[in-house]
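Notebook open. I am going through one model and writing down what I look up, entry by entry.

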Amino acid sequence: MIVRRQGRLVWAGAVLLSLLALSGREARAAPLTVRLEYAAGPGCPDAADFKAVVIARLGYDPFVESAPERVLVRIEPRPEAIDGRIEWRDAGDKWAGEQAFPSVSTDCPRLVRAMGFALAVQIQFLARAAAAPDANVVAPAETGSPPQGPAIAEPPIATMPPPEAPTIPRAADAAPAPTGGSGPVFAVGAGPSVGVGMSSAPVMLARLFGALAWRHLSVELGAVVSLPATTRRADGNGFTQQHLLGSTAACAIVTRWNGCLVANAGAVRMAGEIDRPTSATVLLVQVGVRVGITQRLGRRTFLGAHADGLANLTRWTGSLDQVPVWTAPRFAAALGVDAGVQFP
């Protein structure tokens, strides 16, 4: 009976010593500090709310403006979902890892809580990793003769498993950096549009293009063809026009939006519809700007919409029986949609 009580006391003492040892390890782990850059769309919690989630999990404030490491938190609401991303930068401002938080709901406060918890876990892990060499030092076994008396079996001391590493990679095992530090992505697409100022009435256009896209820049080459459009006089006589153009564009990309400088060059083929048909080909050169938006449908497919404002550098007049019928205006425009596929 006395031996059983002594065994229980030894077991309790061993557990207490283990807890004290673990507490000592945590005490020796210097708190990790980082600089926070937080950006979220409308309807999302602000930076103070995000910090509060991390501080509540850690028990201290890790955000210091002078800290060498930087954490970028980005949250972008979309019509039916939210995209979140945490990116780490080291003391040299080099990319050290990132984690994406796609959400199929529009509950931004809930996503902010999840991202704050993930960041707190990452900070805890890094702080413990920095203290690991000190914590793993094992005291040498004491020498000397064993104590006299009845032998009491020493209970095993349970060891805590190392904390699970978060999914944010560090520089040592990071995946390749996002597009922008690597090579370009090739994409092809096509779509219809409506042209205004290219004929006496709006005309349907078809566009085929290929593009090379980096993270914030893309270069595009394309071809544009229009359906024949007819312009008539009061007596029923008239002429048809058809546009055959090559197109190039250089675009700056910000998230899903892009702004481009556009140039079109080609020919307008005209044919008269009178008693004795005639035909002519006119050189066409246009320059202008484009504003567009792109929506991904999957890993490789996408939809886009664009609006072009163009200036006709070359202008022409369609005549019948040497009587002018229509003159091209100085400005033109096009509105269209595209569908395409990317090849990483």
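**Entry 1: the cavity**

I started with the lining of the largest cavity, which has 14 residues. Leu205, Val224, Asn264, Asp308 and Ala334 lie nearest its centre. Strand 6, strand 9 (238-254), strand 11 (279-296) and strand 12 (301-312) each give two or more residues to that lining. Strand 12 has the largest share, with 3 residues. The space inside is about 110 Å³. I counted 1 cavity of 30 Å³ or more.

My terms: a cavity is a set of points on a 1 Å grid, over the protein atoms alone, where a 1.4 Å probe fits but cannot get out; lining residues have an atom within 4 Å of a point. Points are joined across faces, edges and corners, and the volume is the space filled by probe spheres set on them. Strands (E, at least two residues) and helices (H or I, at least four) are DSSP runs, numbered from the N terminus.

**Entry 2: ground rules**

This is a predicted model, where local features need pLDDT of at least 70 and side-chain atom pairs count only at pLDDT 80 or more, while totals for chains, interfaces and linings use all residues. Numbering runs from 1 along each chain as its sequence is written, and side-chain values use heavy atoms, with hydrogens and water left out.

**Entry 3: a salt bridge at the cavity**

Asp308 forms a salt bridge with Arg290, with the closest N and O atoms 2.8 Å apart. A salt bridge here is a side-chain nitrogen of Lys or Arg within 4 Å of a carboxyl oxygen of Asp or Glu. The pair links distant parts of the chain, with Asp308 in strand 12 and Arg290 in strand 11, 18 residues apart.

Are the two partners buried or exposed? Asp308 counts as buried, at 8% relative accessibility. Arg290 is buried as well, at 5%. Buried means under 20% relative accessible area, exposed over 50%, and partly exposed in between (1.4 Å probe, protein chains only).

Arg207, Glu220, Arg290, Asp308 and Asp338 are linked in a network of salt bridges.

**Entry 4: other salt bridges**

The structure holds 11 salt bridges. One of them joins the side chains of Asp93 and Arg70, at 2.3 Å from N to O. Asp93 sits in the loop between strand 3 (82-89) and strand 4, and Arg70 in strand 2 (residues 70-77), so the pair ties together parts 23 residues apart in sequence. Asp93 is partly exposed, at 41% relative accessibility. Arg70 is buried, with a relative accessible area of 12%.

I also noted Glu87 and Arg89, whose side chains meet at 2.8 Å, N to O. Glu87 is buried, at 4% relative accessibility.

**Entry 5: the nonpolar patch**

Which residues make the nonpolar surface patch? They are Phe186, Val188, Leu212, Trp214, Leu217, Val219, Val341 and Phe343, and the patch covers about 610 Å². Patch residues have over 30% relative accessible area and no salt bridge; nonpolar side chains (Val, Leu, Ile, Met, Phe, Trp, Tyr) are joined within 5 Å, like charges within 9 Å. Areas come from the Shrake-Rupley method with a 1.4 Å probe, and for residues only the protein chains shown count as cover.

Strand 5 (185-196), strand 7 (217-226) and strand 15 (331-343) each supply at least two patch residues. Trp214 lies in the loop between strand 6 (203-213) and strand 7. Trp214 counts as partly exposed, at 30% relative accessibility.

**Entry 6: two single residues**

Phe101 is in strand 4 (residues 95-103). Phe101 is buried, at 11% relative accessibility. Beyond four places in sequence, Phe101 touches residues including Ile82, Ile86, Leu111, Ala114 and Met115. Contact means heavy atoms within 4.5 Å. Phe101 and Ala114 are 13 residues apart in sequence and 8.7 Å apart, C-alpha to C-alpha.

Ala252 lies in strand 9. Ala252 is partly exposed, at 44% relative accessibility. Leaving aside neighbours within four places, Ala252 is in contact with His216, Trp257, Asn258 and Gly259.

**Entry 7: whole-protein totals**

The protein has 3 helices and 15 strands. Of the 344 residues, 35% are buried. The protein exposes about 20500 Å², and carbon and sulfur atoms supply 62% of that. Among contacts between residues at least 6 apart in sequence, 59% join residues at least 24 apart.

Definitions and conventions. 1 Å grid on protein atoms, 1.4 Å probe; cavity = no way out; pocket = protein on both sides within 12 Å on 5 of 7 lines; lining within 4 Å.
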